[in-house]
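We start with the whole chain and then go in piece by piece.

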Amino acid sequence: MDQSRCDVLAFSAHPDDADLFCGATLAAWARGGLRVCLVDLSAGELATNGSVEERRSESLAAAAALGVDSPREVLGLPDGGIDHRDAAQLQRVVRTLRTAAPTVVVAPWREDRHPDHRECSELVRAAFFWSGVSRYDQDASVARRPRNLIYYPCHSEAPVTHHVDVEGTIDRWEAAVDCYATQVERGGARRPTHLNRTEFREGLRARRRRWGETAGVKWAEAFVIEGGLALDPRSLVSAVDRIGSEERGDSR
Ligand SMILES: [Zn+2]
């Protein structure tokens, strides 16, 4: 990881998760001037389609499409073998967190059909805690805990607590998804998978519309934030006022 600190550090189990499942928010943060860093726990070597090299070049292209220009790191944990009870894996993620020193950490939600997404979630959750414990790995890294850990839903439904208006960056998200041809497109020698059905991408788009409808905007992404999130009073009013202003013109 680049030594300069990150504002946001987003973890993926495989080199596409954060992009596919919360990419428009990542793009919005980057556009807003925040330093967004991406870490892929595995290189995605178990993928049905696409080599490790192809997946790496696709993930770099996707990050660029999102406007994320900090280095994208691959930790090299085993695809299919991410394990939050593995002490070496935990230490690896703790060191990544301490070095990057983000304000906010983003990880997959822990309930998901893919075991690696579940394990990635629990591994980052555990590392988030241990990163702040001074005697953990004290010979190699200095304790520092990020301010918050938030989760993005992947394949499965999640108990969403917050929505983010992504109308301004939904096009960047679409462009990023386009970069993952080996994963989300059929054709040639590619074998059919859950991800490369047309319904998968339609579903990703549809739930952004549904979350938008819930939140009173056109497009939204959704997150799970445990333990609540305190807004400063001014930003609460400005968020509500911006969304409500269109509706006040229509008295029906
Ligand atoms: Zn994945």
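The radius of gyration is taken over C-alpha atoms, and the globule rule is 2.2 Å times the number of residues to the power 0.38. For 252 residues, a compact globule would therefore have a radius of gyration near 18 Å; this chain has 18 Å, which agrees.

Two notes before you click. Residues are numbered from 1 along each chain as its sequence is written. The model is predicted: local features need pLDDT of at least 70, side-chain atom pairs count only at pLDDT 80 or more, and totals for chains, interfaces and linings use all residues.

**Whole chain.** Show it as a cartoon. There are eight helices and seven strands. Helices (H or I, at least four residues) and strands (E, at least two) are DSSP runs, numbered from the N terminus. The C-alpha atoms fill a box of roughly 65 × 50 × 30 Å along the principal axes.

**The open sheet.** Five strands line up as β3-β2-β1-β4-β5, with parallel pairing. Two strands pair if DSSP finds at least two bridges between them. Select 72–74 (β3) and 148–152 (β5): these strands stand at the edges with a single partner strand each, so one side of each has no neighbour in the sheet. From one strand to the next, the twist averages 20°.

**Inside the sheet.** Select 8–12 (β1) and 104–108 (β4), which pair in the parallel sense over three bridges. Find Ala10; opposite stands Val106 in β4. Touching residues are in contact, with C-beta atoms, placed from the backbone, within 7 Å.

**Two helices.** Select 52–66 (α2) and 170–179 (α5). Their axes come within 8 Å and cross at roughly 170°. Axes are lines fitted to C-alpha atoms, for helices over the stretch in contact, and angles run from 0 to 180 degrees between N-to-C directions. Angles over 145 degrees count as roughly antiparallel, so α2 and α5 are roughly antiparallel to each other. Show side chains: Glu58, Ala61, Ala62, Ala65 and Leu66 in α2 meet Arg172, Ala175, Ala176 and Cys179 in α5.

**A second pairing.** Select 162–165 (β6), which pairs with β7 in the antiparallel sense over four bridges. Val164 has Glu221 in β7 as its bridge partner. Are the residues of β7 (220–223) buried or exposed? Ala220 and Ala222 on one side, and Glu221 and Phe223 on the other, are all buried. Buried means 20 or more other C-beta atoms within 10 Å of the residue's own, with C-beta atoms placed from the backbone.

Key: Angles under 35 degrees count as roughly parallel, over 145 as roughly antiparallel, 65 to 115 as roughly perpendicular and the rest as oblique. Two residues are in contact if their C-beta atoms, placed from the backbone, lie within 7 Å. A residue is buried if 20 or more other C-beta atoms lie within 10 Å of its own, exposed if 12 or fewer, and partly exposed in between; C-beta atoms are placed from the backbone.
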